[in-house]
Amino acid sequence: MDLNTVRTFVAAADAGQFQEAAAELAVTQQAVSKRIAALERNLGVRLFTRTARGTELTIDGQAFLPHARELLRVAERAVASVRAGSRALRVDVLASRSAASGLMRGFHRAHPEIELDVVMLFDVESAVAAIRSGAIDASFRAVAVPGRPLPEGIESVRVLDEALQLLTGPAHALTGARSVTVAQLAGHRIWMPGIVPGTEWAAYYDDLVAEFGLTIEATGPNFGSDALLDTIADTPALATFMGAQTRLVWPAGHGLRRIPVTDPTPVYPHSLLWHRDNPHPALATLRAHLAATGTGHDAAGTWTPNWAARTGHKAASR
């Protein structure tokens, strides 16, 4: 249904004359008559009758009027929902306890006036597809994974290097250490059931294993962080890697310890991804906030895979 004809009908009903409706709509009286006639043909009923003083609604016109007003209100709400700055900024953070989630909480504290819609997608392919389709405005990911360059139009900038820490239970051989070197981890079993082949984090840990000769096991179902913490606490032979800015809480009786890893410190490279043609004003505000609050990357004594994007980056099309 043509909203212009509906808007003309409501204006004519309120004015009681086609001439006054034409003046309000800044069109000719003939245009008003043509629009009303088109709407009547579409509905299959007469909406107005002519009188000596102008026009009056028929019974069908009276029945249609409240619905016509609601159609116009719905149309205005639809337009307002995507008007610049009025739609919530939708950002993918991968997981609720991740460092990226913490970055968005910091952004919200700095800009509480900006409405946010935080989502959690699975991998970089899903995130990039959602950015390209407009389903989300931005995503925090590790880029660019070997063999999977970002498509044309997708921009990225490195925003956070998150140091990895070793998480051990109370009976683990390394639990008393103030810090451990990467070399000291050789021969220890590091259990990470959340690693899924083909994901960007799987590519990261594959390179970490290859570079330093570590043993990372991803066997068994992934029952989430609580189950992982329970297992690490109860199994002296197992430890796991945990991002330094990953928020986890466990029972005091677990006796778990976060131990810094050094010489070098493996860091996970978080980048912000977005589409270069995205006009949402809050996206520019988010990028400026991250640039102002970032702590830099590629610091001395750290390690990242050689494929990790070092600076602002736009990959070639596939």
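**Note on the predicted model**

1. Leaving aside residues up to four places away in sequence, Thr 175 touches Thr 168, Gly 169, Pro 170, Arg 257 and Ile 259, a contact being heavy atoms within 4.5 Å. Thr 175 is placed in the loop between β6 (154-168) and β7 (180-181). Its relative accessibility is 14%, so Thr 175 counts as buried; buried means under 20% relative accessible area, exposed over 50%, and partly exposed in between, with a 1.4 Å probe and protein chains only.

2. This is a predicted model, in which local features need pLDDT of at least 70 and side-chain atom pairs count only at pLDDT 80 or more, while totals for chains, interfaces and linings use all residues. Residues are numbered from 1 along each chain as its sequence is written, and side-chain values use heavy atoms, with hydrogens and water left out.

3. The protein chain contains 9 helices and 14 strands. These are DSSP runs numbered from the N terminus: helices are H or I of at least four residues, strands E of at least two.

4. The radius of gyration of the protein chain is 30 Å, whereas a compact globule of 318 residues would have one near 20 Å. That radius is taken over C-alpha atoms, and the globule rule is 2.2 Å times the number of residues to the power 0.38. The C-alpha trace spans about 100 × 40 × 35 Å along its principal axes. Of the 318 residues, 44% count as buried.

5. Among contacts between residues at least 6 apart in sequence, 76% join residues at least 24 apart.

6. Gly 213 lies in the loop between α7 (200-212) and β9 (215-217). With a relative accessible area of 47%, Gly 213 is partly exposed. Residues up to four places away in sequence not being counted, Gly 213 touches Ala 186 and Leu 208. Its C-alpha atom is separated by 8.5 Å from that of Ala 183, 30 residues apart along the chain.

7. Rings of Phe, Tyr and Trp (its six-membered ring) pair if their centres lie within 6.5 Å; planes under 30 degrees apart count as stacked, over 60 as edge-to-face and the rest as tilted. The count by this rule is 9 aromatic pairs. Tyr 204 and Tyr 205 have ring centres 5.0 Å apart and planes at 90°, so this pair is edge-to-face. Tyr 205 and Phe 241 form a stacked pair, 6.3 Å centre to centre with 15° between the planes. Because Tyr 205 lies in helix α7 and Phe 241 in strand β10 (residues 238-243), the pair ties together parts that are 36 residues apart in sequence. Both Tyr 205 and Phe 241 are buried.

8. One aromatic cluster is formed by Tyr 204, Tyr 205, Phe 212, Phe 241, Tyr 268 and Trp 303.
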